[in-house]
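Try each task before reading its solution.

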Amino acid sequence: MIHPFQILFYFFLFLNSSCSRPINQFVIADLSWTHSKETTTDSHYRVQPSIETPRNLLIPINYTRGSVIIALDVKTKPIGGTPTRFQVCFEGIPHYVCTDQSPVYNTTGRYIWATNVASFYRGYDKDPKDSGIDYSKPISKVALILKDSENNKPQGDPRFTPTDLHIKIVWKIQNSTR
């Protein structure tokens with residue numbers, strides 16, 4: 001005879017396995033905000049990575065062999081059609097890494113781009129050998145950066161802000177091994 005607790009155990013096990021995220025990807029950020037001089041510093045809007053972001057991107061799954069896919073929804077943009085770009089950086093120890101920039105956009109709409117992790121820009125202070133981040137340590141912040149088409153950060157420039165945005169950032173690998 002099956003005990004009632006066994007039924008509950010298998011029911012919750014089924015729910016957990018059918019609702020869990022795919023093992024080969026995670027959403028590091030999914031949010032809406034207004035990018036403005038009041039909400040940013042140096043045109044950076046910084047957020048915490050999602051709770052589903054692994055604290056170690058190397059073990060048990062090596063996410064550094066994957067890519068980051070970004071979907072940016074530009075809901076509002078100041079009048080004038082000023083060419084704009086967007087970039088995402090991941091801050092950690094000792095510095096940061098960044099995705100490629102978005103395609104140049106002049107109007108509202110959805111913009112999607114991807115960057116292989118191996119191609120990330122690796123930021124550093126003084127010594128290029130001390131660059132990027134240690135992927136075995138947690139990502140501390142995700143920096144969402146508005147730029148002009150020349151790679152400048154137009155903090156508070158009324159040609160660029162305020163702008164209402166939504167972003168979804170997915171970190172994905174092709175094949176996973178546990």
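**Exercise 1. Strand β3**

Task: How many of the eight residues of strand β3 (residues 67-74) are buried, and which strands pair with β3?

Solution. This is a predicted model.
- Step 1: Check burial. Seven of the eight residues in β3 are buried, so the rest of the structure largely encloses this strand.
- Step 2: Find one partner. Strand β6 (residues 109-116) pairs with β3 in the antiparallel sense, over eight bridges. Here Asp73 stands opposite Arg110.
- Step 3: Find another. Strand β9 (residues 163-172) also pairs antiparallel with β3, over eight bridges. Ile70 has Ile169 of β9 as its bridge partner.

**Exercise 2. His44**

Task: Decide whether His44 is buried or exposed, then list what it touches.

Solution. 
- Step 1: His44 lies in strand β2 (residues 44-47).
- Step 2: Apply the cut-off. Buried means under 20% relative accessible area. His44 has 12% relative accessibility, so it counts as buried.
- Step 3: The His44 side chain reaches the backbone oxygen of Asp42 at 2.7 Å.
- Step 4: List contacts beyond four places in sequence. His44 touches Thr39, Ala143, Leu144, Ile145 and Lys153.

**Exercise 3. The largest nonpolar core**

Task: Which residues touch the most other members of the largest nonpolar core, and which strand gives the most to it?

Solution. 
- Step 1: Pick out the residues. The core has 34 residues; Phe86, Val88, Phe90, Leu144, Ile167, Ile169 and Trp171 touch the most other members.
- Step 2: Assign strands. β1 (25-35), β3, β4 (84-91), β6, β8 (141-148) and β9 each supply at least two residues of this core. β1 gives the most, with five.
- Step 3: Inspect Phe86. Its contacts beyond four places in sequence include Trp33, Leu72, Trp113, Leu144 and Ile167.

Note on methods. Residues numbered from 1 in each chain as written. Predicted model: local features only at pLDDT ≥ 70, side-chain atom pairs only at ≥ 80, totals over all residues. Heavy atoms only, no water. Buried < 20%, exposed > 50% of the residue type's maximum accessible area, 1.4 Å probe, protein only. Helix = DSSP H or I, 4+ residues; strand = E, 2+ residues; numbered from the N terminus. Pairing = 2+ DSSP bridges. Polar contact = N/O pair within 3.5 Å; in protein donor to acceptor, adjacent residues only side chain to side chain. Contact = heavy atoms within 4.5 Å. Core = buried A, V, L, I, M, F, W, Y, C linked by side-chain atoms within 4.5 Å.
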